[in-house]
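Good morning, and thank you for coming.

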Amino acid sequence: HRAAPPALARERAPAMVEGGRQPLNDQRAPLADAAAAAEGLPSEPERSYALLVFVTGLSLFNFGYNTASISGALLYIDLDQTDCSAEVVCLTSAFEKGCVVSSVLLGACLGALSGGPLGDRFGRSRALIYNNAFYIIGPVGMALSQSVETLAATRALTGFGVGVSSALVHLYIGESVPAARRGEYGALLVMLGSGGVLVANLVAYALGDMWRLDLGLSAAPALLQVLLGPFWLPESPAWLMKRHQHSSSSTNFSSGTASTSPALVEPSPESPPARASTLLAAASPATEESSWLLLWKALRSGEARVALGVGAGLQLLQQISGINVAVYYGPKIFTLAHFSKHFSILLSSAVSLAQLAATLLLALLVDKVGRRIMALIGCALMAVSLIILGLAFCMPEEDAGFLALTGVLIYRVAFSISLGPLPYIITAEIFPAAYRAPGVSLCWAVNWLSNFGVSLTFLPMLNTIGDAATFFIYAGVCLLAMVFVWACVPETNGVSMDGGAASTVSTPRLGGGSGGTGVSARCPRLVV
């Protein structure tokens, strides 16, 4: 058994000892937290949760890095961009390029479907730690690949790890942090994923033609999570209650047992530690039924249809709302604005930093304003920005630069406060604990299949209907997303995710009203 970190060790201390007196460390803890608050410093529980989110977020950092790093490598292994005919890895056809680029998407789809069962079988935290095997073997294999086939296969293996992470990270954090700050921490996780994309671009720029090292470096965050995870990733309370396991010992991954601190069993620094025992005592005994079987039964009875429709709909709209167009058109838009190639690289980094700043803004506001309001505002701004981009491509090139640059900047910022992070957060909040993991897995599979479909159809559509019409169509999709959010997406801000609790959230009515909640024949009550 490993010693717990100081913050979690204090939280694991019993609330009372023999004679009814509190332990000395429990007496000192509130004083220490009060002193930290007086000095403007975060309290010890806040630091513990921040480190929990950081260590968990390493999975999403790898997610972002591995999906973006191939773009830098393509500059040196694609025959259309460089003379690589003498190299053992050289993409000589569009088919080979498509296989290498899209293999991670197919692997991610399979990983997303597997993430739920793995999380239910081994526990959320252990499944995330075990998943690093794909994040280590895959990148090392890509770095050592001696053929296009090997590169595609190892990239698909890495994609499997990406899919598992996508299905489990927000699920695990949603079940482990205080409900009042779940949106904030979820947005910070998305920032780590976006940070992985930014770092991948900067590393590719710095390493140049050393593309093997570029791809292999993504194993480093995985190794860091393997080292820190057993100490800082306690099992989620919902999973413990589902399995009806409760242990006061430290987490021991090798023995197959998992325990957690009382503060994380009931994720609220203000709640007494005894609350954890109350929740576990109230939980029904663990069932032997598979969570996938429970989901199937809930779908047949109609109980889970709306939740699955909302989650899958949000994931689908995220992918078909134009983000791939904005990313694809980035260099061309900078060219329209008459920036040099060197300055365009810096400008791309500046846009990525603006996107990170917008995600930070979401983290500060989402638990105060609510998910629905932020999603509606963001979708409206996305539609406006795509209309601006469409108009820019209708204008003469010498007049379109500034307008196009403004449009893409507004779009990336708006995406970062709405359809970028919010589908991840909401999807983890709308399913009951009994089949939450497979429900989230199915929604993420829709995400990756949609991503794959958009990557196949985007360029043909662009060549068929033209630039401006493509932007106008995606603007229409954003307006459709607004209607979907207003009509069917519930406000999940502060909803309990305790494994033994069953709270009810109503979806908004379709048509009429001013966004009020209620039961509708088309959007029935949603149980979470």
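C84 and C90 form a disulfide, with their sulfur atoms 2.0 Å apart; the term denotes a pair of cysteine sulfur atoms within 2.5 Å. By this rule the count comes to 1 disulfide. The link of C84 and C90 is right-handed, with 60° about the S-S bond.

Please note that this is a predicted model, in which local features need pLDDT of at least 70 and side-chain atom pairs count only at pLDDT 80 or more, while totals for chains, interfaces and linings use all residues. Residues are numbered from 1 along each chain as its sequence is written, and side-chain values use heavy atoms, with hydrogens and water left out.

Are C84 and C90 buried or exposed? Both are buried, where buried means under 20% relative accessible area, exposed over 50%, and partly exposed in between, with a 1.4 Å probe and protein chains only. C443 is buried because its relative accessible area is 0%. C394, at 53% relative accessibility, counts as exposed.

I turn now to the helices, which are DSSP runs of H or I with at least four residues, numbered from the N terminus. The axes of α4 (residues 94–122) and α5 (residues 124–144) come within 7 Å and cross at roughly 120°. Such axes are lines fitted to C-alpha atoms over the stretch in contact, and angles run from 0 to 180 degrees between N-to-C directions. In contact, meaning heavy atoms within 4.5 Å, are L118, G119, D120 and F122 of α4 with R124, R126, A127 and Y130 of α5.

How values were computed: Helix = DSSP H or I, 4+ residues; strand = E, 2+ residues; numbered from the N terminus.
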